[in-house]
Every structure is written in C-alpha cells, then in structure tokens.
Amino acid sequence: MSCYSCCSCECLETPLDFDAAVAAETRFTWRLHDVCHSNIGWYTDKTISDQQLLEDWIAKDAFGAYVLWHKDDYCEIHSMFHMRALYVGKGQIGKRLLAHWKGKDFSAEMLVYWTFLEMPNRQAKYCEQLLLDTYRVPLNKAESTGELLLCAHFTQTEVD
Ligand SMILES: [Zn+2]
Ligand SMILES: [Zn+2]
C-alpha cells in the first residue's frame, strides 16, 4: 500500500539528489532534511488572518534559505502529513515571509507552512539555486528547472 494518494513518494524514503550535490560540491554541513524541517511555522491566507504571527517571527531577524509548503495529504500507516513545496527562496526570513504573505495569493492553499534554515548569504544562494535546479517548485515558475517534486513528511508535532 502506498503512503499518499496525491503523490508517489513514501514517508520513509529519503531523496538523495540534493544531498549528493551538497556533499560533492561544498563543505557545508546542512542537508535537505535541515532545510525542510527547521523552524516550522505557518500562516493563513491574508483574507482570513492577521499579521501578528509573522511579526513575532520578523523580530528574530534571521537570514537564510526557506521553503513554503502546502499540507495536502495524510498517511495513516505512518501518521505523517504530506507537504508539497510551493516556493523556495532566500533572504531576511521575516521580511520575505511578510512579502509573500502580502503579495501572493495563497487562497487556494489557505494554510501555508514555512521552514527555514539560517545560513550566510552565499550559502543561502547556493542552497536556493540547488533546490531550484533539482526540483520543480510551482510558484518559482521560470527559475525552477528540476524534474522532481519536492515533498516533505511532517509529524503531528511538526504541523501543530
Ligand atoms: Zn507513510
Ligand atoms: Zn510526495
């Protein structure tokens, strides 16, 4: 039996392409799992939420690479949520998240999750570029040339 109806990925499989490139090309210590499971937060579409949650995050002044996610399925076998990457970016996290919240129409997704990993600008550039080269991320459109879909699997604790 497969984990998800919306996707062919499995909860327990780990995608290797991104990590293989980071290991071969750099001496950075972070891996895909760190980018996709660190500093998990969420916001709702601007039509149904206020800014307060975000402003709490902006105060942290973090810089790094981030991913926006849509929670679109659940695996009953492993009790995991399927997260599909919507957008990949880098920069001052709080500012970027606020700009996304104001500018993009997430109304189809309603609830948008984010993850980010703090890292210096040059590492963040590399991280963002490698994600876009490896994966096809719907809201990055033209810059996103990869073949694979970027998924993550969150536990109940991670989505709360
Ligand atoms: Zn599963
Ligand atoms: Zn998937």
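Strands, like helices, are DSSP runs numbered from the N terminus (E, at least two residues, for strands; H or I, at least four, for helices). The structure is a predicted model, in which local features need pLDDT of at least 70 and side-chain atom pairs count only at pLDDT 80 or more, while totals for chains, interfaces and linings use all residues. Residues are numbered from 1 along each chain as its sequence is written.

**Confidence**

The mean pLDDT (the predictor's confidence in each residue, from 0 to 100) of the protein is 90, and 94% of its residues reach 70 or more. Among the elements, helix α3 (residues 52–58) has the lowest mean value, 70, and helix α2 (residues 32–37) the highest, 98.

**The sheet**

An open sheet is formed by five strands in the order β1-β4-β2-β3-β5, with antiparallel pairing. Two strands pair if DSSP finds at least two bridges between them. From one strand to the next, the twist averages 40°.

| Strands | Bridges | Direction |
|---|---|---|
| β1 and β4 | four bridges | antiparallel |
| β2 and β4 | seven bridges | antiparallel |
| β2 and β3 | 12 bridges | antiparallel |

G64 has E118 in β4 as its bridge partner, and C75 has M80 in β3. In strand β4 (residues 111–118), six of the eight residues are buried, so the strand is largely enclosed by the rest of the structure. A residue is buried if 20 or more other C-beta atoms lie within 10 Å of its own, exposed if 12 or fewer, and partly exposed in between, with C-beta atoms placed from the backbone.

The buried residues of helix α4 (residues 93–103) are I93, R96, L97, H100 and W101. They cover an arc of only 135° around the axis, which puts them on the same side of α4; the arc is that of the directions from the helix axis to the C-beta atoms. The face turned away from this buried side carries the exposed residues K102 and G103.

In α5, A124, C127, E128, L130, L131 and T134 are buried. Their arc is only 165° around the axis, which places them on the same side of α5. On the other side of α5, N121 and R122 are exposed.

Notes
Chains are lettered from A and ligands numbered from 1 in the order in which they are written. Axes are lines fitted to C-alpha atoms, for helices over the stretch in contact, and angles run from 0 to 180 degrees between N-to-C directions.
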